[in-house]
Amino acid sequence: MSRPTHPLGHTVHALGEVDSTQAALGRLAAAGAPEGVVVTATHQTGGRGRRGRPWWDEPGQSLLCSVLLRPTASMARVAQLSLVAGLAVAEAVEAVGQVPAGIKWPNDVLVQDRKVAGILLEAAASPGGQARHVVLGIGVNVNQAAFPEALAGATSLRLAAGRPLDPATVLARLLEQLGARYGQWRAAGLPPILAAWRPRAVTLGRIALAGDGQAGLAEDVAEDGALLVRLPDGTLERVLTPAGEA
Ligand code: BTN
């Protein structure tokens, strides 16, 4: 059965060095840019990761992009887009690199058990609690041959696939996959996304830490994207933030 797809990337602002594609696209969004506009850069001087961490890149070696979405949804529902994006990025990475890609909850994309891509979702709310827009930032390590010591858990598509890849090819496939999964989410909500997400989830079935630091078994992901962890006393705890992140 074909899925409703949603066109993204009809307008791509391809920048050189920029502070952050998130900031650049945020400015365009505030000025009224339509859904689907994309900003890319060859290097970021202030790349942003989740939880206020920096996102490192080696100039010209990464795919650094931000995609503008304007879903008609509450801020709570918009959090689901984190899973939608993780799935789409994993699918794109796997298709282009021809290497199996998994997802570490909530949305780190892994190949060979190392992080190859990260996703940052920044949403602006309107006064009624609806989302005004979402700036979806995606960083894919494409051609790095090595990483700084502090990023020992990272890899690139080139290292995993054993050949260099073109960041533009990764972007094209990513926008195609994201358009398909975003369209599916708009039409049918989270269930079909989760059905495809679960088999890629490296977190499920493993030990995970609950909010109070107790270890339990990661059983599933809830409709709002929370990780469901079974504690030794049998209770099921909802975890909203990965352990070790503030
Ligand atoms: C993470 O912490 O895993 C999320 C990293 C997201 C990085 C991307 S790179 C393109 C976009 N611009 C940014 O400043 N951050 C995101």
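Predicted model: local features only at pLDDT ≥ 70, side-chain atom pairs only at ≥ 80, totals over all residues.

1. At 6% relative accessibility, Arg181 counts as buried; buried means under 20% relative accessible area, exposed over 50% and partly exposed in between, using a 1.4 Å probe and protein chains only. Arg181 sits in helix α5.

2. Residues are numbered from 1 along each chain as its sequence is written, and side-chain values use heavy atoms, with hydrogens and water left out.

3. Now the overall picture. The protein has six helices and eleven strands, where helices (H or I, at least four residues) and strands (E, at least two) are DSSP runs numbered from the N terminus. The radius of gyration is 17 Å, close to the 18 Å that the globule rule gives for 246 residues, so the protein is as compact as a globular protein of that length. That radius is taken over C-alpha atoms, and the rule is 2.2 Å times the number of residues to the power 0.38. Along its principal axes, the C-alpha trace spans about 55 × 45 × 40 Å.

4. On burial and surface: 52% of the 246 residues are buried. The accessible surface comes to about 10,800 Å², and 55% of it belongs to carbon and sulfur atoms; the areas come from the Shrake-Rupley method with a 1.4 Å probe, and for residues only the protein chains shown count as cover.

5. Contacts are worth a look too, a contact being heavy atoms within 4.5 Å. Of those between residues at least 6 apart in sequence, 63% join residues at least 24 apart.

6. As for charge, there are 22 positive and 21 negative side chains, and the centres of the two sets lie 4 Å apart. The place of a charge is taken as NZ of Lys, CZ of Arg, CG of Asp or CD of Glu.

7. Which helix holds both Tyr182 and Trp185? They lie in α5 (residues 167–188), three residues apart, about one turn of the helix. The whole structure has two aromatic pairs. In the case of Tyr182 and Trp185, the ring centres are 6.0 Å apart and the planes are at 20 degrees, so the pair is stacked. For reference, rings of Phe, Tyr and Trp (its six-membered ring) pair if their centres lie within 6.5 Å; planes under 30 degrees apart count as stacked, over 60 as edge-to-face and the rest as tilted. Tyr182 is buried at 1% relative accessible area, and Trp185 is buried at 1% as well.

8. Have a look at Ala85 in helix α3. Ala85 is buried, at 0% relative accessibility. Leaving aside neighbours within four places in sequence, Ala85 is in contact with Ile119, Leu136 and Leu178. Its C-alpha is also 7.5 Å from that of Asn107, 22 residues apart in sequence.

9. The loop between α4 (157–161) and α5 holds Leu165 and Asp166. Are they buried or exposed? Leu165 is buried, at 11% relative accessible area, whereas Asp166 is partly exposed, at 41%. Beyond neighbours within four places in sequence, Leu165 has contacts that include Val96, Gly97 and Val142. The C-alpha of Asp166 lies 7.6 Å from that of Val142, 24 residues apart along the chain.

10. Finally, some backbone details to check. The peptide bond from Trp105 to Pro106 is cis, with omega near 5 degrees, and Pro106 lies in the loop between β4 (102–104) and β5 (108–111). Gln98 has a phi near 55 degrees, positive in a residue other than glycine; Gln98 is in the loop between α3 (81–97) and β4 and is exposed at 63%. Asp113, not a glycine either, has a positive phi of about 65 degrees. Asp113 lies in the loop between β5 and β6 (114–125), and is exposed at 55%.

Methods: Lys, Arg positive; Asp, Glu negative; His and termini not counted.
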